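Work through these exercises with the model open. Try each task before you read its solution.

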Amino acid sequence: MATRDIIIEGTLEWAKLFEQNRDRAQFHEETDGAYKITVTMDDANLKILQDAGSAKGSKKVDGGHMVTFSRPHKGREDWMGGPPVVADISGKPWSLEENGLIGNGSKGRVKLSVFDSKPRNGTRLQGVQITEHVVYESEGNSSQSSSMFEDLSGGQASSKEPPKEVEADSIPF
């Protein structure tokens with residue numbers, strides 16, 4: 001059967017699709033990390049995956065079947081690794097600066113290559129097209145500043161006075 005390219009659709013979670021957020025877990029040392037995405041898909045999309053010969057297991061969850069797909073950062077051959085193609089709804093390359101990271105609950109299409117291998121067929125993540133974007137928010141709520149403290153000023157400007165000048169030959173302690 002060789003290699004079959006398929007596209008499945010579903011709800012996306014744990015999107016680690018960019019150089020900046022790829023999974024660098026210890027078991028990925030040989031490949032210098034991996035790009036991953038978890039997709040929750042309906043029965044029809046699971047059938048597309050299975051009919052292509054993918055040996056990927058799925059977990060039954062509310063809303064469908066959950067499957068995680070990955071791609072190594074470094075493969076045995078150049079074409080095997082590197083970040084997957086990520087596109088917006090119009091098919092244009094995803095811009096991290098304009099669109100940000102992809103949050104859980106986003107919807108999208110995932111392109112996969114299913115290839116013959118022993119002892120079982122392999123499935124490689126090729127690309128993701130985001131059709132409905134949910135902005136990623138970290139556990140610390142990325143909508144606030146990167147400080148670990150909340151704003152207690154009550155909207156008032158800081159009353160901090162500018163530092164006083166110290167004479168060059170005086171010792172301030």
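## Exercises on a predicted model

The buried residues of helix H1 are covered by elements that include strand E1 (3-16), strand E2 (34-41), E4, E6 and E7. The model is predicted.

**Exercise 1. Find which residues of helix H1 (residues 43-51) are buried, and explain why they line one face of the helix.**

Step 1. Apply the cut-off: buried means under 20% relative accessible area. In H1, Asn45, Leu46 and Leu49 are buried.

Step 2. Look down the axis of H1. The buried residues fall within an arc of 100 degrees, so they line one face of the helix.

Step 3. An α-helix has 3.6 residues a turn, so residues three or four places apart point the same way.

Step 4. Turn to the other side of H1. Asp43 and Asp51 are exposed there.

**Exercise 2. Inspect the start of H1 and the stretch just after H1.**

Step 1. Begin at the start of H1. A side-chain oxygen of Asp42 comes to within 3.3 Å of the backbone nitrogen of Ala44.

Step 2. Gly53 has a positive phi of about 95 degrees.

**Exercise 3. Is Ile6 buried or exposed, and what is Ile6 in contact with beyond its neighbours within four places in sequence?**

Step 1. Check its relative accessible area. The value for Ile6 is 11%. The cut-off for buried is under 20%, so Ile6 is buried.

Step 2. List the contacts. Leaving aside neighbours within four places in sequence, Ile6 touches Ile48, Leu49, Ala52, Val110, Lys111, Leu112 and Val114. Leu49 is also one of the buried residues of H1.

Step 3. Take Lys111 from that list. Ile6 and Lys111 are 105 residues apart along the chain, yet their C-alpha atoms are separated by 5.7 Å.

**Exercise 4. Describe the largest pocket and the second largest pocket.**

Step 1. Start with volume. The largest pocket holds about 740 Å³ of space. Its lining has 25 residues, and the closest to the centre are Pro72, Arg76, Phe115, Thr123 and Arg124.

Step 2. Trace the lining to strands. Strand E4 (64-72), strand E6 (106-115) and strand E7 (122-132) each provide at least two lining residues.

Step 3. Sort the lining by class: six nonpolar, 12 polar and seven charged residues.

Step 4. Trp14, Lys16, Tyr136 and Glu137 are among its lining residues. The lining divides into five nonpolar, three polar and two charged residues.

Note on methods:
Residues numbered from 1 in each chain as written. Predicted model: local features only at pLDDT ≥ 70, side-chain atom pairs only at ≥ 80, totals over all residues. Heavy atoms only, no water. 1 Å grid on protein atoms, 1.4 Å probe; cavity = no way out; pocket = protein on both sides within 12 Å on 5 of 7 lines; lining within 4 Å. Points joined across faces, edges and corners; volume = space filled by probe spheres on them. Helix = DSSP H or I, 4+ residues; strand = E, 2+ residues; numbered from the N terminus. Nonpolar A, V, L, I, M, F, W, Y, C, P; charged D, E, K, R; others polar. Buried < 20%, exposed > 50% of the residue type's maximum accessible area, 1.4 Å probe, protein only. Arc of directions from axis to C-beta. Contact = heavy atoms within 4.5 Å. Polar contact = N/O pair within 3.5 Å; in protein donor to acceptor, adjacent residues only side chain to side chain.
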